Amino acid sequence: MAVSGMLKVKDKNPEATLEELLAGWLTQGKLSAILVPVLAKSGAAGAALVSDADRIAGTAPLLPAMAVNAASVVRDIAKLRSEGTKVGVLLRPCEMRAVVELIKLRQVLADNLVLVGIDCPGTYKAAGFRDVAGTDSDFDNRHVREQQNYYDNPNLRTACQVCEHPKPMVYDLEIGFLGLDPDKELWLDGATDKGAALLEGVELAAGEEPGQMQEYLKELAARRKNKAETRIKELDEAAMGPENLTRYFADCLNCHNCMRVCPVCYCRECFFDSENFQRRLDEHVRVSKRKGLTRMPSETLLFHLTRMNHMMTSCVACGICEDSCPAGIALLPLFKKVSGNVQAEFGYLSGRSLDEELPLVGFREDEFTAIGEG
Amino acid sequence: MATAHSLDPLNPRVLEPTPSTVGAVLVIGGGIGGVQAALDLADSGYKVYLVEQSSAIGGVMAMLDKTFPTNDCSMCILSPKLVAAGRHRNIELMTLTDVLGVEGEPGHMTARLRNRARYVDLAECTGCGDCLQKCPVKLPNEFEGGLSQRKAIYRLYAQAVPNAPMIDRDNCLKLTKDKCGACAKNCRVGAIDYSQQDEEIEVRVGSVVVAAGSKIAPTRLRSEYGHGRYPNVVTSLQFERILSASGPYLGHIKRPADGKEPKKVAWLQCVGSRDESIEKGYCSAMCCMYAVKEAVIAKEHTPRIEPTVFYMDMRSYGKDFDRYVERAEERYGVRLVRARVPEVREDPETHDLIMRYATEDGMHAELFDMVVLSCGLVPPQQLVELSRRLEMDLDRFGFAAGNLWDPTGSSRPGFSVAGSFHAPMAIPETVTEASGAAASAGGMLAEARGTMAAELEPAAETDVRGEPPRVGAFICHCGVNIGGVVDVPAVVEYARTQPFVAHAEENLYSCSGDTQQKIKDTIRQHRLNRVMVASCSPRTHEPLFQATLAEAGLNPHLFAMANIRDQCSWVHAAEKGKATEKAKELVRGAIARVVRQAPLPRVKLSVTKSALVVGGGIAGMSAALSIADQGFEVSLVERESELGGNARQIWRSAEGEDIQARLTEMVGRVSSHPRIDVHTGATIEKIDGFVGNYRTKVKAEAERQTSTPDLQIEHGVVVVATGAEYRTPTEYCYGGSERIITQRELEELIAHRSDAAKEAESVVMIQCVGSRESERPWCSRVCCTEAVKNAVALKELDPNLDVFVLYRDIRTYGLREEYYRRARELGVVFIRYASAASPGASDPDSTPEVKIEDGKPVVTVRDKVIDREIRFRPGLLVLSSGIVPRPDASELAKMLKVPLNADGFFLEAHMKLRPVDFATEGVFMAGLAQFPKFIDESVAQARAAAGRAATVLSREFLESEVTVAHVDPQRCAACRMCETLCAYHAIEVRVVDENSGQEAAVVNEALCKGCGACAANCRCSAIDVRGVTNEGIFREIAALLT
């Protein structure tokens, strides 16, 4: 049974209002624990699994900084079957989409999870966030309050600047504020029984989803789409063709950070870390003799292309790979373009729905008929 | 092969001793029908003599470019079957062989055969083709429809089995004038033997399968179309060759007259079919579909081509055929014109063709660049003579007509028939009948099963595990094929320098008998534990070399091949130096791979020698009887309280048979058969297991049960024969008046209350009620014949009854055309109401309108021929309602893990060549569960299912594939992509560690086919296919790149 409505915000402090709501779920025993963004005293942004309601006050549900895609955390804690516990996970839209992909890929078991999605106007890079936020204790609230300013904020993460999906698409419960005045009210939508159960006893002004939310989203999506197109055009100039593509990845250190932080990369051991890529010294010499020189580390481009090949149908373009690249390679535009095109070919959007079949598991006679024979 | 030499024709040698019942079968005809029957029999424990009159098996299917409705390459799907037949230990292939006669009774027969001289020794010939190069004689190539030339020594077609050429003795200079001899001079293995003589051979067999085929109607029957006079008029078979990449024009569509690419191409249907004036009154059953297919493929080849098909009725009556025709029109722009074409003329200047044709709007004239005659099938004179020699009766057209209840039987006991020798039919029906004929032939000889067939006994194997690799590298010259381009000695020298190579040498022909022996000796002498052969294609030669390894005591998977012919010398003939370098690289790669190969042990699985048949209609009962007659136990499960299925409501067949009488007989036989256990009022609750080893729980409904309520059955195979249903019409005011009935109700009326039928005075029938429309786009296949049957019955009851049939296309395909003709002769009036050929496109303006006035139906229809509205007030309005799949088919499908098609009918493994199999091994189907069909077709299919089932049930053990997928649980992330992808349901994710709850994919090796779909898709590289491992591939790539 679905329940939805407006939650009144106290003291023009939406973050505190949310903290109270979250703490309530723990004290009332609705949840055993909840995964929430936190900002450590040191200024380091991250997430925490909170089981004590008193510790909720130290969290930051509206934190506009992203260190990891929390889907990676969810994958790490909820892959194995477990019993007798119910854990809430508060996720940004791109994190939620990655979790949806992971559920479909059987890397997350959602049985004991309650998926709480929260609107996101965009986030800052975790590194350097303390310089942006300074000591402003109201920074999180200001960020959601001043949504109009976040259409074209050049300080946001590049992925966020071009993100067209600032609202969760799959959730048990949605916490919405885009297009609203978050100083006054927050939109809560318990779409499933699990979500509705969390709203039991919560005082809500009942009603439909306000129209202004959709209008705001339309505007935001349109502006970001424009921006995304511009970025992809720049990318086409920089990376098109084998030579340019090689140059694009030229600074790669082969550290595989991008793979490690990717929320939808899920192998137990990366193929590129396996012994298939170990060669004898004489073999290396033979490779070298072909051109007289091999660049070391080798096979970096093959690594990126393989990862792209594996992840394109599930990539949510969260850009966490780009944030984690010590060489500063602009991975996001490339992955966004390729995943967007690939998913469009299959009529698929990663994380849009739990029911949509993963593109590569279904065979349809009529697809890609232009390729191959006949 | 039969190797009897210079036999005295008066005193022929008997090849086999004489046991009581002979466990051998003579199969006449090496087309797809004969090959399928031979394979099924040989796999079921019988010795097979497969006799083919030409120099290679393959028949007409080998000439086709693509096949409908899947557009599969014909040769690609046929070739593996030909190779399997050619290599089968229980099949003796006898090409260039005529059947002179067969004497004796079923179980004990002697066949007299004449083997004509090939003049090429099959044991010596390597198939290299060197002999063909130097032959100076040029003759029209019959296989290519005369569109190209062949030599006097020639191979029937490139992929011919056997691959050895033959000498055309009427045109060979050596044999006719004792000159030339170039082929013998050019043959380096001495395989040419001008002294060979024809010889007579006798073989002892227990039964005979005749699948001798037919040929296309001679175009002189319709000389007004100018074939033979106008070069740009070709037959449909010539057009197949024109389309074929291995054909006379290498797949480029050209006009024979001038080599120009045609733009407008016309197909003329029914050439030599549906034409009583030339005594070809039958429909050839396949031409509509092949013409539309040729049009589609032509358009795909050359988009500028504008294809037009001129037809009488579009007979796309098979599964997914209407969809195919619709796609042809909509996606490929194939123009379909319902017309009669009186003649074709040629503009002698341009060789363009002027066609006049009559449509419903009148006469038209149009210019075409090319005209294709869609020739029907006719029994060739030599087969009529063969039938006479075999003492088999033919029908008036010359087909070996079967009967409704024994469609694969013939007039002579012990002789089964299949394919277009029996009646005009396409490939799936031919393959079905072939498997059915195999079941019949095998059933007669059940007691002698295994007496003459050899089981494969693997040789003892040397254990090479733990030994460092010792590779033997054999580099082939292939005559001049490779040696003429690649510096083979240089490649041998290079191979010697590669790691782990213990021996390297060159061979003139690696595949010749003496070289095989030499390789075996070398393996032993040098204690080789890996072998790499650099020669031709593994597709044709890998099994041969693997057998050689096995004979030398090495596991056959310690082998790798480098294709330095197709991938090197053939494509780089102009750059010899570079070709040699490339050959070295390919050899280096193959050696790197073979070093990593490991021995793969064979796995044996036991077989429960009994079958479960689901469904007790005609198909289920026929399958049960045929399996039981072959000596296996059967459990037959029927959910109704009585056997009989849909047939219980059919009274008379179009052939005039009393269905109920025969049905009662059949039910009696099934019920009393000692090997059939009947469970009526029972349903399947759960099916576990896999081929050879199924366990099924059957639940009997208390009030209808005939067996214990909960039953567990163990069985080796399953036959799905759950049937389909007649649809109750919701249109045309059905139910609004007792004068509006279905075709089935009319049949009952005629059978039981013929007076009431007579009183109707006039009867109107409407065809395609609920069929061929957007919601149910398939043709129900039987309704036209049913309507015609009932129309004839009405006319026979009372010639004064007016009978009108409102139709879209009359689809009395094959020999059923006779009933249509009979109906018209009796004065039944046929009125066409729709203009479009394709389904879904039934135009609403032309659909008949039915109203009820004063309790009587009033039918209004626009007659497309006279373009006028006609109103009927019939005494009876009869609706030809179609056949729909069982709504609960999906439940059984889920239990068996087999697919349904989009319409809800069970989906066979391959529409053409595996028509009664599922992709899942050990599960077969028959009857309406697959698609609507007639009783004889159901029986044939049921027997085919039984024949296929016997290939499993006759084994003591099944050997699972050795090249199966294997999962490394440490790498597996349990994402289940493989599970969803596997077509054979051979892999699933399970908990592999109870303590940690860790899941991983697990392969069922009995079901895995080693296709590699899972391995290719596994992102984690957790899946490997044994014998083709990721590591091996990577090592090979690495070696190739360095």
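**View 1. The centres of domain 1 and domain 2 of chain A lie 30 Å apart, taken over C-alpha atoms.** Domain 1 covers 3–225 and domain 2 covers 242–355, with bounds from an automatic or database domain assignment. Their contact takes 23 residues from domain 1 and 19 residues from domain 2; two residues are in contact if their C-beta atoms, placed from the backbone, lie within 7 Å. On the domain 1 side, helix 3 of chain A gives the largest share, nine residues. Helices here are DSSP runs (H or I, at least four residues), strands are runs of E (at least two), and both are numbered from the N terminus.

This is a predicted model, where local features need pLDDT of at least 70 and side-chain atom pairs count only at pLDDT 80 or more, while totals for chains, interfaces and linings use all residues. Residues are numbered from 1 along each chain as its sequence is written, and chains are lettered from A and ligands numbered from 1 in the order in which they are written.

**View 2. Here chain A meets chain B.** Look for 20 residues of chain A in contact with 21 residues of chain B. Helix 11 (residues 281–291) gives the largest share of the chain A side, four residues.

**View 3. Find the cis peptide bond from Met296(A) to Pro297(A).** Its omega is near -5°. Pro297(A) sits in the loop between helix 11 and helix 12 (300–311) of chain A.

**View 4. His256(A) has a positive phi, near 65°, without being a glycine.** You will find His256(A) in the loop between helix 9 (242–248) and helix 10 (257–261) of chain A.
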